[in-house]
Structure formats: C-alpha cells, structure tokens
Amino acid sequence: MAMRNLIFPVRTISTSIKSLRPNAATQTNPNKPPIKVYGKTGIYANALYTAAAKVNKLDSVEKDLTALNSLLTKDSEFKDFIRNPITGKAEKLEKIKKVGSQHSFEPITTNFLDVLVHNSRLKDVAQYISAFKLIMGAVRGEVRCTVTTAKDLDAANQKELEATLQLFIKPGQQIILDTKVDESLIGGMIVQIGDNFIDMSTSSKIRKITEIISVPLEG
C-alpha cells in the first residue's frame with residue numbers, strides 16, 4: 001500500500017501543525033512550559049513544571065516521577081492503596097512521605113504529591129506523571145505523534161510517514177511516533193501531533209459527503 005494512498009498532500013499536514021513551533025514569548029520565559037497541557041491534568045502538570053524550573057530541579061523531579069510510575073506499575077497493592085477512596089488523607093500522606101524517603105524524592109516532588117492528596121487527586125497521579133513527562137519531552141525536542149490507520153503500516157510506510165512529519169517540526173526536534181489501528185476508518189489516517197488533530201480518514205470523507213447530500217435542495 002503506497003504512502004500516497006494513505007495521506008493527503010504534504011501541504012495539508014503543514015498548514016495544520018504550524019502551531020507546534022513555539023512563539024518568542026514562550027522561549028523567553030525559561031520557567032514556562034514549552035507546550036500547553038490542558039484540563040485539570042494540565043493545571044497541575046504546568047504548575048509542577050514551573051515550580052521545578054524555578055529551583056532548577058526539572059530533571060530530578062522527572063526522575064522522581066519515573067520512579068513513582070514504576071512503583072505504580074509493579075506494586076499493585078500500592079496502586080490500589082492510592083486509588084482507594086476509603087483510605088483517609090492522613091494515611092495517604094504518611095504513605096507518600098515514606099515512599100518519598102525510600103526513593104530520596106526531591107522536597108518539591110513530595111510537596112506536589114501532598115497537594116494531590118489534599119485535593120483528593122492522588123488517585124489520578126499516573127495522569128499527572130504522563131502530562132509532566134510530555135512537557136519534559138518537549139523540553140528535549142520530542143514531539144509526540146499518534147497516527148491511527150485502518151491497517152497496520154509496514155516498515156517502509158512508517159519510515160516515510162516519520163520523514164514527512166519531521167519536515168514540519170523545528171530543527172533539532174524529534175518525532176516520537178505511536179501507531180494504532182482502527183478498521184472503522186476504512187482508509188486514510190487520523191494524525192494527532194502535539195495539540196493538533198488531523199482527520200484524513202476515508203470514513204470522515206464519507207461522513208462529510210453524506211451530510212452534504214442529506215441537505216434538501218432548494219428550489
């Protein structure tokens with residue numbers, strides 16, 4: 001399956017992802033996240049980034065959160081503990097303090113987790129970790145892209161797609177590509193890159209045409 005049958009012309013993608021390139025205002029404020037993460041998750045992740053940047057602890061905080069995420073993955077008992085709505089805040093605070101001490105967490109990391117406990121959001125800590133790591137990836141020049149197609153891409157098509165996407169990001173940035181399959185798309189693809197969502201699937205075209213022909217003609 002040739003790549004030209006999978007995607008629209010390159011120009012279509014380029015006009016849709018121009019906003020990936022940070023503006024001057026963002027670049028002149030070293031404490032401001034280089035990308036925006038929205039919603040409740042974004043509020044907490046952005047706040048943690050800014051706080052850690054001010055004390056030059058971004059890498060250390062990311063290391064702490066990576067360790068915590070690993071613990072959540074490997075220790076089902078700990079994972080169930082922080083998600084249990086019946087467990088009191090005092091007990092959770094004590095547990096977080098113990099885990100932080102065992103793993104030598106930065107004070108700012110422990111304080112962040114304390115805030116999550118007090119605001120009854122510790123159960124969603126994995127989401128905040130993912131959001132923070134997304135921001136840190138942007139700091140390193142990583143641009144995460146999810147491409148959903150109707151069929152698996154072969155190695156040649158995936159390589160060509162990565163090269164095409166690479167054309168529209170800043171020099172020094174790197175595409176981190178995640179591919180998914182959704183047979184309901186019929187053909188084409190859906191691309192999510194950064195904050196941008198581009199639907200180039202056959203199913204979306206059919207839907208748009210159906211909407212057009214469903215409107216009664218005047219006259």
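**View 1. K123 and D124 pair up through their side chains in this predicted model.** Their salt bridge (a Lys or Arg side-chain nitrogen within 4 Å of an Asp or Glu carboxyl oxygen) spans 3.7 Å from N to O. K123 is partly exposed, at 42% relative accessible area (buried is under 20%, exposed over 50%, partly exposed in between, with a 1.4 Å probe and protein chains only). The structure has five salt bridges.

**View 2. K57 reaches E106 in another salt bridge.** Here the closest N and O atoms sit 3.7 Å apart. K57 is in the loop between α3 (39–54) and α4 (58–74) and E106 is in the loop between α6 and α7, so the pair ties together parts 49 residues apart in sequence (helices are DSSP runs of H or I, at least four residues, numbered from the N terminus). K57 counts as partly exposed, at 30% relative accessibility.

**View 3. R140 and E142 form a salt bridge.** Their closest N and O atoms are 3.5 Å apart. R140 is partly exposed at 44%, and E142 is partly exposed at 21%. Shared partners link E62, K133, R140 and E142 into one salt-bridge network.

**Notes.** Residues are numbered from 1 along each chain as its sequence is written, and side-chain values use heavy atoms, leaving out hydrogens and water. Because the model is predicted, local features need pLDDT of at least 70 and side-chain atom pairs count only at pLDDT 80 or more, while totals for chains, interfaces and linings use all residues.

Technical notes:
Helices (H or I, at least four residues) and strands (E, at least two) are DSSP runs, numbered from the N terminus.
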